[in-house]
Amino acid sequence: SPPLRLATRSHVWENHCDHRYLIDRPPSRVPPPPVEADAPAWAAAQDAVHGDTTNVEVTVTGTGRTPVVLRALHIRVTRRAAPLPWSSFAMDNGCGGALTPASFRIDLDQPRPVARPEAGNDQGEPIEPVTLPQRVTADEPVVLLLRAATEDCDCSWYAELEWTSGDRSGTVRIDDAGTPFRTSSTEGRPEYGYAYDQGGWRRTGG
C-alpha cells in the first residue's frame, strides 16, 4: 500500500457558509440549509449535486519513516453531460470572509483540465500558492485545496496524486469515497435562498 494516508472532505464551503447545491425537488420539499459540518448528510438525503463549484480539501500524511514527496496532481474527467435542469439552492443569504486559502484551481470546462496553483489572501496579506513537489511525513502533513468549477457541464471527475518515497513511486486516487466527484453548472436554473424570517425557501433569480 502507498506510504501515505489521505483524509478528504468534499463539502467545503467558501468562508464556511457560501455554497450551492442542485436539487431535483420543489422548494417545499427541501429542508432548511445545514451548517457546513452537517452538509454531507444533508446533501446525501436530498440527492444533491454541487452547483458550479466543488471544493475538495485533502490532508496528506506520511505513514512510514521515509518522507514522501508529492510530485504532481492530475485531473481526470470521467463524464460530461449537459448541466442538470434542477433548481439551485444557496446555503447562505450573503456572507463574507477575510480569508481566501491558497488552492489549486480546476476549470472542468477545458478539454484537459489542469490543477493550477493559485495564491490566497488573508485580510489583504497574500498567501503563497501551494506548489508541487511537496514533502510530507507522519509529523508534517500537507493540506491541498482543490477548487473545481464549471459553467457549461454536468461533470464527473477525480484527481490522481503522484508520489515517490525512497525507491518507491506510484499514484493515489482522490475521489468521493470511491466514486467520482460531481459538479454541475447552475447557469439559467431557478435560484432559491432560505428566508429564515419566513421559514421557507424564496426564489432569488434564474
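Visitor: Let's pick Asp52: is Asp52 buried, partly exposed or exposed, and what is its relative accessible area?

Guide: Happy to, and keep in mind that this is a predicted model. Asp52 comes out as partly exposed, at a relative accessible area of 23%. As for where to find Asp52, look in the loop between S3 and strand S4, which covers residues 53-62. The backbone deserves a glance too: phi of Asp52 is near 75°, a positive value in a residue other than glycine. In general, most residues other than glycine have a negative phi.

Asp47 is another residue with that kind of backbone angle, with a positive phi near 55° although it isn't a glycine. You'll find Asp47 in the loop between helix H1 (39-45) and strand S3 (49-51). With a relative accessibility of 55%, Asp47 counts as exposed, because the exposed class starts over 50%.

Now hop to Ser10, which sits in the loop between strand S1 (4-9) and strand S2 (20-23). Ser10 has a relative accessibility of 7%, so Ser10 counts as buried. Leaving out residues up to four places away in sequence, Ser10 touches His50, Thr54, Asn55, Val56, Asp176 and Phe181.

Strand S1 itself holds Leu4, a buried residue with a relative accessible area of 9%. With residues up to four places away in sequence set aside, the contacts of Leu4 include Val60, Thr61, Gly62 and Thr63, along with Val68, Leu70, Trp163 and Val172. Take Leu4 and Thr63 as a pair: they are 59 residues apart along the chain, yet their C-alpha atoms are separated by 5.0 Å. For the chain in general, residues 24 or more positions apart account for 77% of the contacts with a separation of 6 or more.

Further along there's an open sheet of three strands, in the order S7-S10-S11, with antiparallel pairing. Strand S7 (99-100) and S11 are at the edges with a single partner strand each, so one side of each has no neighbour in the sheet. Strand S10, residues 120-122, pairs with S11 in the antiparallel sense over three bridges. The peptide bond from Leu132 to Pro133 is cis, with omega near 10°, whereas in general most peptide bonds are trans.

Zooming out, the secondary structure of the chain comes to one helix and 18 strands. Its radius of gyration is 18 Å, close to the 17 Å that the globule rule gives for 206 residues, so the chain is as compact as a globular protein of that length. Along the principal axes, the C-alpha atoms fill a box of roughly 60 × 40 × 25 Å. Buried residues, such as Leu4 and Ser10, make up 41% of the 206 residues. The chain's accessible surface is about 10700 Å², and 46% of that belongs to carbon and sulfur atoms. As for charge, there are 21 positive and 28 negative side chains, and the centres of these two sets lie 6 Å apart.

Methods:
Residues numbered from 1 in each chain as written. Predicted model: local features only at pLDDT ≥ 70, side-chain atom pairs only at ≥ 80, totals over all residues. Heavy atoms only, no water. Helix = DSSP H or I, 4+ residues; strand = E, 2+ residues; numbered from the N terminus. Buried < 20%, exposed > 50% of the residue type's maximum accessible area, 1.4 Å probe, protein only. Contact = heavy atoms within 4.5 Å. Rg over C-alpha atoms; globule rule 2.2 N^0.38 Å. Areas by Shrake-Rupley, 256 points an atom, 1.4 Å probe, with all protein chains shown as cover. Lys, Arg positive; Asp, Glu negative; His and termini not counted. Charge placed at Lys NZ, Arg CZ, Asp CG, Glu CD. Pairing = 2+ DSSP bridges.
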